Amino acid sequence: MKPQLKQRTQFSLVYLIIAFIVLLMVQSWLLAPRAVEIPMSRFLQLLREDKVEKVSLTDKEIRGVLKPGALLPPAAGPGERVRQLLGSEGGPAVFTTTRIPGVEDSALVKELEQHRVEFSGKIETTLLRDLIFGWILPLGVMVGIWLFLMRRMGGGATQALSFGRSKAKIYDRKELKTTFADVAGVDEAKAELVEVVDFLRNPKKYQRLGGRIPKGVLLVGPPGTGKTLLARAVAGEADVPFFFMSGSEFVEMFVGVGAARVRDLFEQAKEKAPCIIFIDELDAIGKTRAGAVGFVGGHDEREQTLNQLLAEMDGFDSSKGVIIMAATNRPEVLDAALLRAGRFDRQVVVDKPDINGREAILKIHARNVTLAPGVELRLIAARTPGFAGADLANIVNEAALLAARKGKDAVESADLEEAIDRVIAGLEKKSRVLSEKERDIVAHHEMGHALVAASVEHADPVHKVSIIPRGIAALGMTYQRPVEDRYLLTRSELEDRIAVMLGGRVAEEIVYGEVSTGAHNDLDRATEVARLMVTRYGMSERLGPLTFGNDQRGQFLRGAGLPVERDYSEETARVIDEEVRAIVERSLARVRGILGGKKAILLRGADELKTRETLEGDPLRRLLAGELEAVKEEVR
Ligand code: ADP
Ligand code: MG
Ligand code: ZN
């Protein structure tokens with residue numbers, strides 16, 4: 001929505017400039033002195049009164065200018081009225097007179113000489129000059145400025161001339177090397193798409209029993225899960241032309257271009273049927289129309305594009321062999337009309353991979369790098385729940401770079417582990433030096449997290465604590481290794497998570513008697529979890545098993561960028577706040593109890609952390625379990 005807004009502002013700026021220039025031109029035209037037609041007798045009178053400064057003669061007329069101060073009666077006409085209104089003085093000083101046929105030049109010339117009037121025989125063609133200076137030049141300048149602005153707005157001017165040509169890239173099978181073998185961890189989506197490819201290859205097989213081939217297939221899933229990759233794989237697998245276009249390419253600043261592009265795309269596709277049209281990032285055009293309350297008179301452009309798309313989708317039947325695929329990671333903002341039967345009626349969920357999927361994805365990407373023998377990708381997969389395919393590809397790549405930098409011949413497990421840490425927490429920044437005092441605080445803070453995690457029942461085990469600054473926000477880090485993928489969490493598990501988040505703050509409290517700003521991120525997360533427990537999971541006794549502020553309509557409105565009014569009362573809002581506060585404060589008290597009883601471990605661990613920067617593995621586990629000398633032994 002943002003870039004569009006900007007485009008529109010720029011666009012209206014152009015209008016403004018054009019309007020301004022037109023105004024200037026009209027004004028100068030109105031105010032320009034106009035020649036007044038006077039009779040010959042009056043001209044002679046003026047001449048004899050010595051009021052004429054110069055004239056030019058042709059055989060048909062005399063054009064002349066009066067001396068300063070000499071005035072003619074004002075001419076009628078709009079220009080004169082305006083000039084009078086603007087307070088411009090007197091009438092015009094330019095006049096024309098039609099010559100009387102037969103009157104000799106010589107007499108007139110003599111008289112002109114007598115009165116020292118400058119005269120010439122050449123007629124000054126003010127008409128042409130007026131045309132050039134009054135219209136053609138300003139118009140040229142105007143168009144120039146306009147073109148310049150258009151170009152600055154991203155090549156719009158040239159596109160303006162080639163309106164509507166679809167920018168779809170068309171691929172043939174030979175060009176695309178991506179196949180289903182390059183995609184892993186999304187088996188259900190793959191199965192559905194294999195079927196789509198099969199539809200196109202043998203439509204008869206499916207229509208035999210009267211079945212209707214689906215028209216639209218929508219890939220839905222979080223970013224980086226491989227939707228675009230899947231589409232490419234379909235193109236690589238299908239023996240048919242593949243039109244690839246991104247939703248944002250339809251949306252131009254010119255109203256109507258997007259719609260024309262859609263029309264053009266479908267026309268091309270129909271000629272090439274059977275074929276596949278793929279629209280990536282469908283949400284760029286498919287945003288719900290109700291929500292599109294515009295900045296300057298509505299988002300006409302996107303709306304028209306969407307309407308055209310809907311019309312085109314209705315207008316052909318899939319037995320002709322055109323299948324439309326699209327991808328989005330924000331299905332909730334899509335216009336309902338897009339999802340109706342006969343349009344994108346098939347939705348394929350492309351979800352984040354589970355541990356087996358992650359292992360398979362890692363294997364795919366590890367094909368391109370040299371792995372040291374004994375690297376267990378399974379373990380890497382186990383350490384990365386919640387990672388999407390793109391993150392995993394990133395890890396393998398990072399690990400390869402790290403290993404190369406260290407001059408290794410192959411990528412080892414340690415490199416992969418470090419790559420994970422990097423991807424999780426941003427790049428390691430050893431260069432950022434903490435003061436002694438800051439290191440002290442961070443060490444106690446992180447030990448606080450670790451110690452609480454080790455003490456509560458449901459927290460994931462801590463495998464590493466570090467006070468190496470990472471990225472911008474994290475000064476230290478406590479790494480917990482999930483034992484398994486979790487899709488459901490119980491109330492006590494959530495409470496334990498909150499406790500771990502609060503551990504850092506409470507540790508600072510215990511050791512220094514005050515807290516630093518370093519805990520704010522933890523507090524944000526703890527508060528967020530507590531709020532979700534109350535408003536979403538129905539885990540508050542006082543409010544009972546209801547959810548608040550989370551209805552479909554609310555999501556719809558938020559998706560459309562509209563303000564959402566609460567679906568609960570002021571009174572309920574207060575109770576929610578109280579309940580959230582109660583959960584966090586209860587946890588705080590609990591954590592104070594836990595850490596208060598383990599202050600010795602806290603101090604010991606922080607000490608060790610300050611000298612060694614990271615603690616991990618067995619020594620860390622034993623230290624957290626209360627063996628104060630565990631870490632010391634390890635060092636020796
Ligand atoms: P999306 O379009 O869903 O946001 P992409 O398809 O652009 O994600 O994925 C980006 C990259 O991440 C891909 O080019 C690929 O290298 C990697 N990737 C993502 N998902 C997978 C997957 N399921 N299997 C293999 N690689 C994947
Ligand atoms: Mg994509
Ligand atoms: Zn913290």
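Visitor: Is Phe95 buried or exposed here?
Guide: Phe95 counts as buried, because its relative accessibility is 0% and the cut-off for buried is under 20%. Keep in mind that this is a predicted model.

Visitor: What about Phe43, buried or exposed?
Guide: Phe43 counts as buried, at 0% relative accessibility.

Visitor: How many aromatic pairs does the structure hold?
Guide: The structure holds 4 aromatic pairs. One of them is formed by Phe43 and Phe95. That pair is tilted, with 5.6 Å centre to centre and 40° between the planes.

Visitor: And which parts does that pair tie together?
Guide: Phe43 is in helix 2 (residues 40–48), while Phe95 is in strand 4 (residues 94–98). These parts are 52 residues apart in sequence, so the pair ties them together across that separation.

Visitor: Are they buried or exposed?
Guide: Both Phe244 and Phe278 are buried.

Visitor: Which residues make up the cluster?
Guide: Phe242, Phe244 and Phe278 do, linked by ring pairs.

Visitor: Switching topic: what lies over the face of Phe244?
Guide: Arg232 does, at 4.7 Å from the ring centre.

Notes:
Residues numbered from 1 in each chain as written. Chains lettered and ligands numbered in written order. Predicted model: local features only at pLDDT ≥ 70, side-chain atom pairs only at ≥ 80, totals over all residues. Heavy atoms only, no water. Phe/Tyr/Trp six-rings, centres within 6.5 Å; stacked < 30°, edge-to-face > 60°. Helix = DSSP H or I, 4+ residues; strand = E, 2+ residues; numbered from the N terminus. Buried < 20%, exposed > 50% of the residue type's maximum accessible area, 1.4 Å probe, protein only. Lys NZ or Arg CZ within 6 Å of the ring centre and 35° of its normal.
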